[in-house]
Amino acid sequence: MKNRRFSEQERLDRRRLLAAGGAALLVAGIDGCSVGGLQPKRRTAPAAALQLAPLRASTDRITQITVCTRPFRAQGPRLDVEQIGQKVIVHNYGHGGSGWSLSWGSSGIAVQKAMAAGEREIAVIGCGALGLTSGLLLQRAGARVTIYAKDLPPNVRSSLASGLWTPDSRICLEDHATPAFKQLWANMVRRSFQTYQSLLGLPGNPVEFIDDYFVSDDSTRLRREASSTDTRPKFADLQRELIADLIPRSEDFGPGSHPFGNRYLRRNSLMMFNITAYARLLMADFVANGGKIEIAEFHTPADFAKLREKVLINATGYGSRALFGDESIIPVRGQLARMIPQSDINYGLFYKGVSFLPRRDGLVFQVVGDDDYYGFKDDTTVPDRAEAELAVNTIAGLYKAL
Ligand SMILES: Cc1cc2nc3c(=O)[nH]c(=O)nc-3n(C[C@H](O)[C@H](O)[C@H](O)COP(=O)(O)OP(=O)(O)OC[C@H]3O[C@@H](n4cnc5c(N)ncnc54)[C@H](O)[C@@H]3O)c2cc1C
């Protein structure tokens with residue numbers, strides 16, 4: 001997804017703004033059997049005016065403000081194997097703003113490494129996006145699994161994510177995107193993408209596609225490249241180069257062809273996770289397959305000695321910073337303002353650095369800033385009401401003239 005939603009949606013926005021013109025449309029196949037349907041050009045707006053149900057965006061409808069830190073590592077996620085005492089530890093953490101998006105692919109790699117140790121009883125430490133998918137994939141590989149975690153959904157960081165398929169959001173810095181990393185990342189993305197296709201159309205819509213509109217007051221904004229005056233290290237921007245075939249083409253709407261007056265709109269199709277339903281589904285499947293979940297906190301890796309399993313997958317996310325003393329994990333703060341759901345709203349918006357998502361478990365508004373450095377090295381988790389209201393009022397402004 002390469003446009004320009006901001007922050008983790010920065011990666012999405014890049015797709016919105018820049019990439020969709022040359023992208024191909026994927027008609028997903030199963031087990032690599034059928035893939036096709038190339039449509040290489042950006043579509044022009046259809047003749048009929050776009051109709052969008054009005055969103056009831058107002059600050060009195062905010063139900064919750066949540067804050068969490070993304071576990072960013074400049075070199076990308078940690079997936080190596082470490083021996084600590086008698087235990088084999090397979091790491092599976094540090095996915096920045098892409099943890100949900102890459103989870104099936106990343107956990108697939110971790111599971112392969114864990115199973116290679118020859119044990120059939122395996123522990124997973126952590127019950128977020130990476131821990132749950134690790135547990136499920138271990139079961140599918142024939143292992144008996146216990147998840148040990150301090151907290152379970154909805155009290156994990158994964159439950160506070162925006163909920164979009166953003167596979168290269170703050171995944172690593174450009175300098176670290178070696179050919180080997182790119183190959184690894186592309187494999188993770190493709191496996192995750194295909195797995196997500198098997199989770200569409202389920203009760204409660206854990207995963208669904210939405211139309212997403214990038215809205216601009218200025219037509220040139222739709223074509224603007226990132227500022228070249230910024231001297232900070234760049235975050236890797238991998239989608240256009242490596243997975244263009246997974247990006248549906250966008251459509252543009254000029255003034256008068258949509259409900260937002262003289263503005264310019266670009267429409268994309270994005271995959272969205274309704275995280276409450278999705279996390280519950282993952283937990284229920286894990287338990288139905290015979291998985292066990294135990295509440296446990298580990299203060300140092302030496303604490304793993306008390307576990308009966310010899311092989312562990314470490315999926316503690318940002319928690320690995322303290323647990324393993326891994327200071328390569330950099331916090332990137334993100335805040336969501338949640339609002340009463342509105343069942344007739346099935347589209348997302350991006351306007352003036354604010355993202356809106358029509359999640360069924362609560363509408364999501366987020367200030368995402370102008371680039372991936374928004375919230376960088378900020379580990380404060382105190383909710384900022386003013387920021388939440390700014391997010392809601394910015395989107396509400398689009399509807400003022402309606
Ligand atoms: C605002 C925001 C928006 C985001 N939006 C998106 C998005 O749209 N799409 C996307 O793909 N990603 C998104 N992300 C990123 C994504 O949320 C993370 O990459 C992902 O949640 C990381 O999952 P995890 O399983 O590694 O960690 P966590 O969800 O943090 O889970 C860690 C688990 O380990 C346990 N644990 C930690 N330490 C210990 C310990 N010492 N002892 C025992 N248990 C421990 C915790 O209790 C928990 O169960 C977003 C992140 C933020 C902050």
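View 1. Strands here are DSSP E runs of at least two residues, and helices are H or I runs of at least four, numbered from the N terminus. Strand S12 (residues 347-351) pairs with S13 in the antiparallel sense, over 3 bridges; to count as paired, two strands need at least two DSSP bridges between them.

**View 2. Strand S13 and its other partner.** Look along S13 (residues 354-357): Val354 and Phe356 point one way, Ser355 and Leu357 the other, and all are buried (under 20% relative accessible area, 1.4 Å probe, protein chains only). S13 also pairs antiparallel with strand S14 (residues 363-367) over 4 bridges, and Leu357 stands opposite Val364 there.

**View 3. The largest nonpolar core.** This core has 52 residues, with Trp100 and Tyr278 among those making the most contacts inside it. Helix H2 (residues 99-115) gives the largest share, 8 residues. Another core, of 29 residues, lies apart from it and includes Tyr351. A nonpolar core joins buried Ala, Val, Leu, Ile, Met, Phe, Trp, Tyr and Cys residues through side-chain atoms within 4.5 Å.

**Notes.** Residues are numbered from 1 along each chain as its sequence is written, and side-chain values use heavy atoms, without hydrogens and water. The model is predicted: local features need pLDDT of at least 70, side-chain atom pairs count only at pLDDT 80 or more, and totals for chains, interfaces and linings use all residues.

Conventions
Buried means under 20% relative accessible area, exposed over 50%, partly exposed in between (1.4 Å probe, protein chains only).
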